[in-house]
Amino acid sequence: MAATDHSRSEAAKQRRQDQLQRWLGSETDRTGSEGRDTLSVSGTRRAKVRFAQGAVFMAACSAGDREEVAALLRQGADINHANIDGLTALHQACIDENAEMVQFLVESGSDINRGDNEGWTPLHAAASCGFIQIVKYLIEHGANVGAVNSEGELPLDVATEDAMERLLKAEIKKQGIDVDKSRKEEERVMLQDAMAVLAVGGTLTPHPNTKATALHVASAKGYIEVLKVLLQCGVDVNSRDSDGWTPLHAAAHWGQEEVCSLLADNMCDMGAVNNVGQTPLDVADENLADALEET
């Protein structure tokens, strides 16, 4: 039984690593690591303590050491501290199928619906791994079964086992959740925010880890109406995320031909290079490469 549990845990970890493949080994990942080293050496004393405490807290949670975790929380550790991929201790406990740590963190105030860099909530993580008891616990304590990740997927959409699908479908029905509306929620909110900026001014804050702007997101996902409003707001059409990608890189990579045309019409830099020297054409979806060359 122990061997089976170990294999299942290892398989779960591997699945989550696959889900994070966009970030692993990327310029963002390397830059993040270098930034951490620099901070530990030359940052302010307060910054060093905050970073060290966050790293130690995550390690203690991963080790399942509840006494140390509790002590760190008493010392002021941030229970929602996230690593370079946006994973919190609660995400990791769900991935590791550590039900006791999941319960401890939730009862201690962990944000149960916080998304990582890809918008995966702890419920997404547990559902994708097939951990029924953890999923039930999370739902009982307020996890949003209608939450969507950056790909517009609900926890139901990433579930791979029949029992998990039945559980989540039953909960969706019980709560009366409109799944189509949930999947479109991100686009609706982004359009609302963009319209507000157009009407009264202000700015939209980039993602704290990836530095992706609203224009990057709209470009990657083909949110045309959002894109049009953002362009009216005068946002930087050549803004860069942590990997040096511009919105055109994102649109090209995800095969958004109409977006590429709109960005080109707004004088984006067609030859911009990212942190590893790639142009939008270099990272373009193969079905879009010819059209992009002609733009």
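Predicted model: local features only at pLDDT ≥ 70, side-chain atom pairs only at ≥ 80, totals over all residues.
View 1. The buried residues are Pro122, Leu123, His124, Ala125, Ala126, Ala127, Ser128 and Cys129. In an α-helix there are 3.6 residues a turn, so residues three or four places apart point the same way. Just after H7, Gly130 has a positive phi of about 80°.

**View 2. Ser150 in the loop between helices H8 and H9**. Helix H8 spans 132-140 and helix H9 spans 155-158, with Ser150 in the loop between them. The relative accessibility of Ser150 is 18%, and Ser150 counts as buried because the cut-off for that class is under 20%. When neighbours within four places in sequence are left aside, the contacts of Ser150 are Asn117, Glu118, Gly119, Glu186 and Lys221.

**View 3. Pro206 in the loop between helices H12 and H13**. Helix H12 runs over 185-200 and helix H13 over 214-221; Pro206 is found in the loop between the two. With a relative accessible area of 34%, Pro206 is partly exposed, a class that lies between the 20% and 50% cut-offs. Residues up to four places away in sequence are not counted here: Pro206 touches Lys211, Ala212 and Thr213. Arg240 is 34 residues from Pro206 along the chain, and the C-alpha atoms of Pro206 and Arg240 are 9.9 Å apart.

Methods. Residues numbered from 1 in each chain as written. Heavy atoms only, no water. Buried < 20%, exposed > 50% of the residue type's maximum accessible area, 1.4 Å probe, protein only. Helix = DSSP H or I, 4+ residues; strand = E, 2+ residues; numbered from the N terminus. Contact = heavy atoms within 4.5 Å.
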